[in-house]
Amino acid sequence: MQIQRFLETSIEQRLGSNKVLLLYGTRRVGKTFLIRHLLSEQKEKYLLLNGEDLDTQRLLSQRTKSAYNRFLKGVKLLIIDEAQATPNIGQALKLMIDEFPQLTIIATGSSAFDLSNKTGEPLTGRSYEYKLYPIAQMELSEIESPIETVQHLDERMVLGSYPEIFSLVTHDEKAEYIQQLVRNYLLKDILAYENLRSSNKILDLLQMLAYQCGNEVSVEELGSKLQLSKNTVDKYLDLLAKVQIIYKLRGFSRNLRKEIVKNSKIYFLDNGIRNALINDFRSISVRNDVGSLWENYLIAERIKRNYYQKKNAEYYFWRTYDNQEIDLIEVTGTKISAYEFKWNKTNVKAPKAFREAYPKAKFEVITQQNYLDFIL
């Protein structure tokens, strides 16, 4: 199954711009496949380098125009895959983009956190950034019918949507792949950032977050259970968010005294990763966490959808001290939209305190009957 990635068109439109196009995403999310598909349609001369290759690192470390001219002569498009592995990559990219006006560079990295730190200030005004997420339903809907989409919902809530999943046949093969992805790629990548050594603590934290998915988490409580300081837990949570594994929702408030804003809710940007962490790939028909899976799936798909459609949205949850709550608050400009997620349709109204505090806000319940309108 070949899935056209939504970002490909946006990137293609900026070829020839004499800019650095920074493409971020976790390992195995499809960056290399996207690049190779893009190159298959290129007529201009291009050069593809692997930033993890020692010869590439030596080549880029010279940092003189004459040295770069030897391999960039006539090249219109330079691609550096896994660019964050190359030391001082920011200075190299700056020099090339400044000295070769015919050149566009695509640099991919395993995370926005790592590559942006290593490129830094030198690329101000010289770059565009793109985030690549696991396959979005809006991408799958281009190649499957609405009936097929509904038929695959159970699997996507359990196994997620990393690209290689779609080339595997059996449920067990897919579950094993996701578990290997967590162990062999994501966890190792996380530990590589800032030379983190406490693999057990990171894994324990991820598992605790997986079990509490969709619930408010207390940094103090997490730190107590992990025997880590509050600052260390905060640092790890920020890192996991920056490498696009989790997403933190803060409490929403416009100064209503009853609203809770101290804690955050944590969601995973892929359901399969969440389920691998708790080693549970059973069908939703026999699970007691369907509500959490449904909520996580919808929020992750909404984040992908809005990002790819260039809708600048902010996300929150809402709860008061007397336990009136709403799953998701989405703010775009001055517009406030509130969403409650229910696996089985029920008659749900917006909480009274919310209606009184935000009378102009939109409120909608998202169920199996209308969820595609929410994520497409």
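**Exercise 1.** In this predicted model, find which residues I273 touches, skipping residues up to four places away in sequence.

*Solution.* Next, look at the nonpolar cores. The largest has 85 residues, and I273 is one of those touching the most other members, along with I11, L209, I245, F268, L298 and F341. Helix α10 (residues 171–192) gives this core its largest share, nine residues. Finally, there's another core apart from it, with 22 residues, including L60, I80, A83 and L93. As background, nonpolar side chains tend to be buried together in soluble globular proteins.

**Exercise 2.** Is R156 buried or exposed, and which side chain does its own side chain join in a polar contact of 3.0 Å?

*Solution.* Then check its relative accessible area: that's 6%, and the cut-off for buried is under 20%, so R156 is buried. Now for the partner: the polar contact runs to the side chain of Q137. Ignoring neighbours within four places in sequence, R156 is in contact with Q137, L140, E144, T149, F166, N271 and Y297.

**Exercise 3.** Work out where L205 lies and how far L205 is from I143 in sequence and in space.

*Solution.* Begin with the helix: L205 belongs to α11 (residues 199–211). Its relative accessibility is 0%, so L205 counts as buried. Setting aside residues up to four places away in sequence, L205 touches L222, L226, Y236, L237 and L240. As for I143, L205 is 62 residues from it in sequence and 37 Å away, C-alpha to C-alpha.

Key. Residues numbered from 1 in each chain as written. Predicted model: local features only at pLDDT ≥ 70, side-chain atom pairs only at ≥ 80, totals over all residues. Heavy atoms only, no water. Buried < 20%, exposed > 50% of the residue type's maximum accessible area, 1.4 Å probe, protein only. Polar contact = N/O pair within 3.5 Å; in protein donor to acceptor, adjacent residues only side chain to side chain. Contact = heavy atoms within 4.5 Å. Core = buried A, V, L, I, M, F, W, Y, C linked by side-chain atoms within 4.5 Å. Helix = DSSP H or I, 4+ residues; strand = E, 2+ residues; numbered from the N terminus.
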